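Me: I would like to learn to read a model feature by feature. Can you take me through one?

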Amino acid sequence: MLTEERYAAILRLLEERKAVTVVELTELLHTSESTIRRDLTSLHKSGRLYKVYGGATALSSHYTASEEDMRTKNSLYTEEKIAIARHAATMIRSGDFVYLDAGSTTLQMIDFLSEKGATYVTNGLPHAARLASHGFKAFILGGRVKAVTEAVIGADALASLKGYNFTKGFFGTNGVSVESGFSTPDADEGTVKGEAVSRCKRAYVLADRSKFNRITPITFAPLTSAAIITGRLEDKKYRDFTTIIEEGDEH
């Protein structure tokens with residue numbers, strides 16, 4: 001396959017998937033990792049995609065209103081999510097009053113928690129069950145259960161949040177973009193997320209590479225409201241808007 005043919009194939013795949021890995025491209029295009037890395041570097045320099053750690057993302061912000069269920073989410077970008085979750089878990093200290101948002105990466109976080117001197121509040125059904133089974137002091141918000149994300153949402157959840165003042169909060173997101181901040185497809189879930197963010201002294205959004213340059217219908221918080229914990233991020237523009245904590249960074 002000629003170089004320009006590979007370029008066209010890579011860009012077609014990005015248009016469909018919005019994010020691809022080097023490993024995926026080597027298998028799909030039947031070529032070496034070194035060739036794919038050179039291709040991605042050239043396409044990045046020419047402004048046709050964003051080269052990120054381990055792969056590439058589409059250049060323009062992608063808009064989507066769809067949302068996967070928890071089982072599907074848990075199967076996507078698993079290694080990156082685990083690395084992000086492990087790093088986030090080290091930020092909790094004794095005496096912290098912590099909010100854990102519903103979501104697949106925040107759920108992974110619980111397996112790495114060691115601080116039994118903290119108190120945890122969540123709106124995620126699997127999160128509450130896992131926290132309790134690990135012996136942590138945990139509370140769950142009351143309210144309506146959203147089946148797709150297994151999150152507690154609605155007016156009762158908002159009312160529960162009004163009495164809390166968190167030292168730290170860890171949040172999932174469906175989209176991260178300069179234009180629209182942190183976003184989610186569901187208005188009720190977005191309202192709960194936004195209220196929880198506002199009640200945190202320090203808020204952190206856990207985002208794998210697929211979430212960047214992506215917009216979903218409801219903005220729940222601006223980029224300036226939370227630091228982002230992620231893997232290796234090559235799209236440096238986000239550093240102009242908030243604190244970026246890459247997996248493995250000292251803190």
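**Reading the model**

Reply: Start with a loop. Glutamate 150 sits in the loop between strand 8 (144-146) and strand 9. Keep in mind that this is a predicted model.

Me: What is the phi of glutamate 150?

Reply: Near 55 degrees, which is a positive value in a residue other than glycine. With a relative accessibility of 31%, glutamate 150 counts as partly exposed.

Me: Where is histidine 30 found, and is histidine 30 buried or exposed?

Reply: Histidine 30 is in the loop between helix 2 and helix 3. Its relative accessible area is 72%, so histidine 30 is exposed. Its phi is positive too, at about 55 degrees, although histidine 30 is not a glycine. Lysine 18, which follows helix 1, has a positive phi near 75 degrees.

Me: Now helices. How do I check the span of helix 1?

Reply: Compare the expected span with the distance between the end C-alpha atoms. Helix 1 has 15 residues, which should span 21 Å at 1.5 Å a residue. The end C-alpha atoms are 21 Å apart, which agrees.

Me: Which residues of helix 1 are buried?

Reply: Arg6, Tyr7, Ala9, Ile10, Leu13 and Leu14. Seen down the axis of helix 1, these buried residues fall within an arc of 165 degrees, so they line one face of the helix. The face turned away from that buried side carries the exposed residues Glu4, Glu15 and Glu16.

Me: What do the buried residues of helix 1 pack against?

Reply: Their partners are strand 1 (19-21), helix 2, helix 3 and strand 3. Take arginine 6, in helix 1. Its relative accessibility is 11%, so arginine 6 counts as buried. Leaving out residues up to four places away in sequence, arginine 6 touches Met1, Leu29, Thr31, Thr35 and Asp39.

Me: Which residues of helix 3 are buried?

Reply: Thr35, Ile36, Asp39, Leu40 and Leu43. They cover an arc of only 135 degrees around the axis, which puts them on the same side of helix 3. On the face turned away from the buried side are the exposed residues Arg38 and Lys45. The buried residues of helix 3 pack against helix 1 (3-17), helix 2 (22-29), strand 2 (50-52) and strand 3 (55-57). As for length, helix 3 (residues 33-45) has 13 residues and reaches 18 Å from its first C-alpha to its last, close to the 18 Å expected.

Me: And which residues are buried in helix 5?

Reply: Glu80, Lys81, Ala83, Ile84, Ala85, His87, Ala88 and Ala89 are buried there. The 12 residues of helix 5 should span 16 Å at 1.5 Å a residue, and the end C-alpha atoms are 16 Å apart, which agrees.

Me: Next, cores. Which residues touch the most other members of the largest nonpolar core?

Reply: The general idea comes first. In soluble globular proteins, nonpolar side chains tend to be buried together. Here the largest nonpolar core has 30 residues, and Tyr99, Leu141, Phe171, Val176 and Phe182 touch the most other members. Among the elements that each supply at least two residues of this core are strand 5 (97-100), helix 8 (155-161) and helix 9 (187-198). A second, separate core has 22 residues, including Met91, Leu107, Leu206 and Ala227.

Me: What is the volume of the second largest pocket, and which residues lie nearest its centre?

Reply: Its volume is about 410 Å³. The second largest pocket is lined by 16 residues, of which Tyr53, Gly54, Glu79, Glu80 and Arg209 lie nearest its centre. Helix 2, strand 2 and helix 5 (78-89) each supply at least two lining residues. Helix 5 gives the most to this lining, with three residues.

Me: Last, the segment after strand 17 (244-246). What is glutamate 247 in contact with?

Reply: Glutamate 247 lies in that segment. Setting aside neighbours within four places in sequence, glutamate 247 is in contact with Ala83, Ile84, His87, Thr230, Gly231 and Arg232. Glutamate 247 is partly exposed, with a relative accessible area of 30%.

Key. Residues numbered from 1 in each chain as written. Predicted model: local features only at pLDDT ≥ 70, side-chain atom pairs only at ≥ 80, totals over all residues. Heavy atoms only, no water. Helix = DSSP H or I, 4+ residues; strand = E, 2+ residues; numbered from the N terminus. Expected span 1.5 Å × (residues − 1). Buried < 20%, exposed > 50% of the residue type's maximum accessible area, 1.4 Å probe, protein only. Arc of directions from axis to C-beta. Contact = heavy atoms within 4.5 Å. Core = buried A, V, L, I, M, F, W, Y, C linked by side-chain atoms within 4.5 Å. 1 Å grid on protein atoms, 1.4 Å probe; cavity = no way out; pocket = protein on both sides within 12 Å on 5 of 7 lines; lining within 4 Å. Points joined across faces, edges and corners; volume = space filled by probe spheres on them.
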